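My plan was to go from the overall fold to single residues.

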Amino acid sequence: ETIDRAGALSAFKRSDVASYWATKTAALLVLALLGGTIPSLIVGAWPAITAFGPGFLTTQRWAPQLDEPVMGGLGPLYGTLVSSFIAMLIAVPVGLGISIFLTEFCPPSLRRPIALAIELLAGIPSIIYGMWGFFVLGPFLAETVQPFMIATFGRLPLIGALFAGPPSQLSLFNASLILAIMVLPFITAISRDVFATVPAVLKEAAYGVGCTTWEVVRRVVLPYTRVGVIGGVMLALGRALGETMAVTFIIGNSFKITGSLFSPGTTISAAIASEFAESAGLHQSALMLLGLFLFVLTFAVLSAARLMLIRLELKQGR
């Protein structure tokens, strides 16, 4: 049976061309969506930009109901940065610890069930986290954890102001803890996957020269996988910056900055979610401006992460 080589080559060429244009169209579609989002945010936020100017970022008062509205984005911006920072401060060491345990210490019979339980946390809707935080976690923290932290750390110099004030079921600290729980599966899953890519010969060589398990993790596993670990952390940070419903439930939605972690606050996404449906005119434009700031902030964080990864890859290449 003869083979039509010319026809086969022609079919392969057509499939290659079709694949090329399909993937190129998908990539251009992403750029088009990004290019359409930025101008729409700028157009919607322009009245607020012209009305408030740079003072929008230095004002924490939010009074859209006045005859001459006063609106500032300092409170939501502060809440977004602080809650995300505290969430990552909690989630990163816990997530890396779980990943190291699963790959280096955990018995094989327990490895899969624990990993599956961690990954299932990522599938829980954010509104469920918010309801759980409002009805269960918030009261528990206000009755047990926060009084202990106030009594223990509230009198310390420098950091005592962070733990001042009465306990509260709706606070910046509670929202940060919810965010930490929500981003934990991302850090754990990605770190566990990249830890599993470490060649066994490298770890065996380290064990062969007398290294302990912790020394193998610190000197072999983490240096080999640091690019992937940083990528997972930055992905989790992007999730924390933009989380909406869970934070809206438990943060208190207060635009005032008090300095205490146990006082109510707000984030950019929570402020938009709670007020956008009832906004109009300059009020709506101010919320659009907050959305623009969140977009720029997230884009800057992810771009910085990408540059960091490029520098690490170049350094490893040298």
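**Ground rules**

I am working with a predicted model, where local features need pLDDT of at least 70, side-chain atom pairs count only at pLDDT 80 or more, and totals for chains, interfaces and linings use all residues. Residues are numbered from 1 along each chain as its sequence is written, and side-chain values use heavy atoms, with hydrogens and water left out.

**Overall fold**

I looked up the secondary structure first. The protein chain has ten helices and two strands. I take helices (H or I, at least four residues) and strands (E, at least two) as DSSP runs, numbered from the N terminus. The order along the sequence is α-β-β-α-α-α-α-α-α-α-α-α.

Next came the dimensions. The C-alpha atoms fill a box of roughly 85 × 55 × 40 Å along the principal axes. The chain exposes about 17,500 Å², and carbon and sulfur atoms supply 70% of that. Accessible areas come from the Shrake-Rupley method with a 1.4 Å probe; for residues, only the protein chains shown count as cover.

I then checked burial. Of the 318 residues, 38% are buried. Buried means under 20% relative accessible area, exposed means over 50%, and partly exposed lies in between (1.4 Å probe, protein chains only). I also checked contacts, meaning heavy atoms within 4.5 Å. Among contacts between residues at least 6 apart in sequence, 74% join residues at least 24 apart.

Which residue is the kink in helix 7 centred on? It is Arg-226, and the kink is about 65°. I use the bend at a residue as the angle between axes fitted to the seven residues ending there and the seven starting there. Helix 7 covers residues 213-242 and spans only 37 Å between its end C-alpha atoms, while a straight helix of 30 residues would span 44 Å at 1.5 Å a residue. The expected span is 1.5 Å times one less than the number of residues.

I ran the check on helix 4 as well. A straight helix of 28 residues would span 40 Å, but helix 4 spans only 31 Å. Its kink of about 50° is centred on Gly-133. Gly-133 is also one of the buried residues of helix 4, which include Gly-130, Gly-138 and Pro-139. The buried residues of helix 4 pack against helix 5, helix 7 and helix 8 (245-250).

A nonpolar patch of about 770 Å² is made by Ile-124, Ile-127, Ile-128, Met-131, Trp-132, Phe-134, Phe-135, Val-136 and Met-245. Patches take residues with over 30% relative accessible area and no salt bridge: like charges are joined within 9 Å, nonpolar side chains (Val, Leu, Ile, Met, Phe, Trp, Tyr) within 5 Å. Helix 4 (residues 126-153) gives the most, with seven residues. I looked at Trp-132 in that helix. Trp-132 is partly exposed, at 36% relative accessible area.

**Salt bridges**

How many salt bridges does the structure hold? I found three. The test is a side-chain nitrogen of Lys or Arg within 4 Å of a carboxyl oxygen of Asp or Glu.

- Glu-104 and Lys-203 meet at 3.2 Å, N to O. Glu-104 lies in helix 2 (residues 74-105) and Lys-203 in helix 6 (residues 200-208), so the pair ties together parts 99 residues apart in sequence. Both Glu-104 and Lys-203 are buried.
- Arg-192 and Glu-119 meet at 2.4 Å, N to O. Arg-192 is in helix 5 (residues 172-195) and Glu-119 in helix 3 (residues 108-120), 73 residues apart. Arg-192 is buried at 17%, whereas Glu-119 is partly exposed at 31%.
- Glu-243 and Arg-239 meet at 3.1 Å, N to O. Glu-243 is buried at 7% relative accessibility, and Arg-239 is partly exposed at 25%.

**Positive phi in loops**

Last, I looked at backbone angles. Most residues other than glycine have a negative phi. Leu-158 has a positive phi, near 70°. Leu-158 sits in the loop between helix 4 and helix 5 and is exposed at 87%. Asn-253 has a positive phi too, near 55°. Asn-253 lies in the loop between helix 8 and helix 9 (268-275) and is partly exposed at 31%.
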